[in-house]
Amino acid sequence: MKVEAELPPRTRPSVVELEAEPPPSAPEPLVKRLGRVVLGRQPIGLAFGAPYALFIAVLFAYPLGLSVWISFHSYFFTAPGVSVARPFVGFANYRAVLSDPAVRQSLLNILIFLVINVPLTVGLSMLLASALNSLIPFRAFFRACFYVPYVTASVAMVAVWLFMFNSTGVVNAVLGPLAPVPSWLVNQGWAMPSVAVYVTWKQLGFFILLYLAALQNVPKELYEAASMDGASWWHRLWAVTVPGVRTVTTLITLLAIIVGANLFTEPYLLTAGGGPSGKSASPVLLMYQTGIEQNHPDFASALGVLLVLGVLVVVAAQRLLQRHQA
Amino acid sequence: MTLATRSEDEVTVAPDDVVEDEPRTPRGWWRLALLLVGALVFVFPFYYMIVGSLQKTQNQSLSGALPQPGNLTLHNYSEVNAALDLGRALINSGIFTGGVLLATVIFGVLAGYALAQLHFRGRSLLFVMMLLLLMVPFQLLIIPLYVLIVRNYGLGNSYLGMIAPFAINSTAVFIFRQYFMQLPKELFDAARIDGANELRILTRVALPLVRPALLTAMLLTFIGPWNEYLWPFLITKQQRMEPLAVALANYMNTVQSTVANPFGTILAGAFVLAVPAVVLFLAFQRYFIAPNIGSAVKG
């Protein structure tokens with residue numbers, strides 16, 4: 001939030017700014033002055049930004065455009081060098097995507113994921129961050145404990161969870177007769193919640209850091225005033241902390257939706273390819289299975305384009321909401 | 001009983017200045033207990049990974065959670081090394097990660113500096129494109145990227161193809177930009193009047209001042225490719241090109257009863273994959289702090 005306040009003056013260079021500049025004392029050649037108006041005050045910036053601009057153009061903008069193109073054509077992979085007709089098919093791929101029960105199931109799975117992941121992430125990271133945001137012994141130690149899963153490869157962590165949560169694993173050994181049958185990751189009802197809890201656990205440390213950053217900007221006087229009025233710790237959490245870190249809460253919700261739209265490694269490895277019977281499949285997993293395994297990149301691209309649009313709509317909605325609140 | 005009354009007294013004696021920051025009050029103890037339980041939940045899988053990777057025969061019962069002196073071995077590590085060629089996989093991970101770090105630190109710093117301190121045509125457009133790229137998840141572009149890199153450019157099974165989509169980490173560019181913007185403008189104007197060119201200003205004036213941001217961004221960039229699974233999995237078709245994350249995941253999907261203790265072997269591989277990132281973050285943990293990360297995502 002602090003940073004945002006610093007943004008506006010320099011992010012919007014305008015023509016006005018250019019014209020308002022005082023004329024240089026020595027008369028300048030016209031070419032040079034013209035160059036400055038066309039290229040900006042420091043044209044070297046073009047050279048500095050060029051590699052990154054090229055990267056964006058070649059590896060983001062062009063693929064995005066290609067994705068849209070593929071999604072409107074009948075497209076499949078052929079042997080190298082073979083050229084085939086790729087006729088325009090209009091919205092046929094989109095119709096196929098929207099009427100596919102597997103896609104609907106995967107969207108439902110993401111909904112289940114969000115319903116579990118968002119409240120759990122927001123609640124736990126806010127609670128742990130506000131506990132960390134006080135003079136607690138071993139603060140650095142606790143902080144490190146919390147973010148270690150975040151920095152570790154999901155593949156490595158999935159291996160441990162598979163070990164812990166299989167039918168004869170240590171979790172079921174603790175639960176005894178309470179353990180679900182079939183076990184967590186192969187249970188139709190528990191597979192997606194297990195993925196959601198795994199992702200919550202893995203990412204929580206990062207969100208704790210975000211909340212910590214926000215909490216440090218909440219004026220201490222508010223807490224002092226609240227406790228003077230006899231507010232309990234719980235009450236202060238509700239009345240001071242929660243509103244004070246609202247921006248971060250919206251941000252976390254947003255990031256959770258993006259993560260949900262992104263899930264691949266977890267359902268692919270943790271629940272053996274989105275199983276059982278697609279009950280934990282994610283849209284990206286479907287994109288991989290239909291697009292690359294089954295050679296329907298047109299279908300997969302249409303799904304990808306829809307997801308990109310979905311993410312952008314969510315981001316735009318969040319921006320609007322934030323502007324409304326401010 | 002006495003303890004409780006004592007702390008009760010403390011609260012009534014000095015209610016307003018100890019409440020928030022005092023761990024000795026009952027509330028403070030609750031907070032510590034909460035953090036302890038949390039830490040246990042977060043660290044136990046790591047502990048269990050090490051214990052499991054050292055078991056001679058698989059023991060998933062509760063007693064297996066403690067190392068049993070009679071059931072300890074390093075055999076799982078040599079087993080996974082034989083199956084995966086750990087050295088080769090680590091080198092592949094290193095090249096993948098190193099390439100991304102190198103490109104990010106060179107081109108990302110240049111772009112971040114240009115976005116923050118230079119005035120040139122197209123800067124706003126570049127900035128908007130960067131924000132868009134930060135929002136759209138890379139995973140949603142796997143189909144066109146696969147078509148382009150593997151099919152059209154023939155870069156399947158190559159380091160270049162592996163690195164390309166990750167080459168310049170946009171979060172890092174964003175962090176660089178934020179930090180360069182916080183530097184006073186007068187500093188740069190003064191250097192310009194002294195006749196220094198922009199590259200010199202960047203390397204001699206600006207970079208030394210943002211060294212912590214550089215480290216934070218490098219740490220964040222490191223975990224991207226080191227932990228990435230989907231893209232290198234798509235693009236590598238030979239085991240000798242696979243980074244460790246991919247090699248281990250493939251092994252997890254295929255290993256059944258070929259080894260005496262499959263879980264132990266997998267966990268040994270997981271440990272080798274986890275250690276570099278964890279060690280790096282613990283060693284540099286003072287750079288991975290709230291304000292640095294916070295500024296990175298508050299755009």
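Mentor: A crossing is called left-handed if the near helix is turned anticlockwise from the far one by less than a right angle, and right-handed if clockwise. This is a predicted model, in which local features need pLDDT of at least 70, side-chain atom pairs count only at pLDDT 80 or more, and totals for chains, interfaces and linings use all residues. Residues are numbered from 1 along each chain as its sequence is written, while chains are lettered from A and ligands numbered from 1 in the order in which they are written.

Trainee: Which hand does the crossing of H12(A) and H13(A) have, left-handed or right-handed?

Mentor: Helices are DSSP runs of H or I with at least four residues, strands are runs of E with at least two, and both are numbered from the N terminus. Helix H12 (residues 220-228) of chain A packs against helix H13 (residues 233-244) of chain A with axes 10 Å apart and at an angle of about 145°, where axes are lines fitted to C-alpha atoms over the stretch in contact and angles run from 0 to 180 degrees between N-to-C directions. The crossing of H12(A) past H13(A) is right-handed.

Trainee: Which residues of H13(A) make the contact with H12(A)?

Mentor: Two residues are in contact if their C-beta atoms, placed from the backbone, lie within 7 Å. The residues of this contact divide into five nonpolar, one polar and one charged, with Ala, Val, Leu, Ile, Met, Phe, Trp, Tyr, Cys and Pro counted as nonpolar, Asp, Glu, Lys and Arg as charged, and the others, Gly among them, as polar. H12(A) supplies Leu222(A), Tyr223(A), Ala226(A) and Ser227(A), and H13(A) supplies Arg236(A), Ala239(A) and Val240(A).

Trainee: Why is chain A called more spread out than a compact globule?

Mentor: The secondary structure of chain A comes to 17 helices and zero strands. The globule rule is 2.2 Å times the number of residues to the power 0.38, and the radius of gyration is taken over C-alpha atoms. For 326 residues the rule gives 20 Å, and chain A is more spread out than a compact globule because its radius of gyration is well over that, at 26 Å.

Trainee: How many residues of domain 2 of chain A are in contact with domain 1 of chain A?

Mentor: By an automatic or database domain assignment, chain A is divided into domain 1 (7-71) and domain 2 (93-325). The centres of these domains, taken over C-alpha atoms, are separated by 38 Å. Domain 1 of chain A brings four residues to the contact, and domain 2 of chain A brings eight.

Trainee: Which helix of chain B gives the most to the side that touches chain A?

Mentor: The contact takes 93 residues from chain A and 92 residues from chain B. On the side of chain B there are 68 nonpolar, 14 polar and ten charged residues. With 14 residues, the helix that gives the most is H3 (residues 26-53) of chain B.

Trainee: Where in chain B does pLDDT stay under 50?

Mentor: The predictor's confidence in each residue is its pLDDT, from 0 to 100, and chain B has a mean of 84, with 86% of its residues at 70 or more. Where pLDDT is low, the predicted coordinates should not be read in detail. Confidence in chain B is lowest in helix H1 (residues 2-13) of chain B, at a mean of 33. The stretch of chain B under 50 is residues 1-24.
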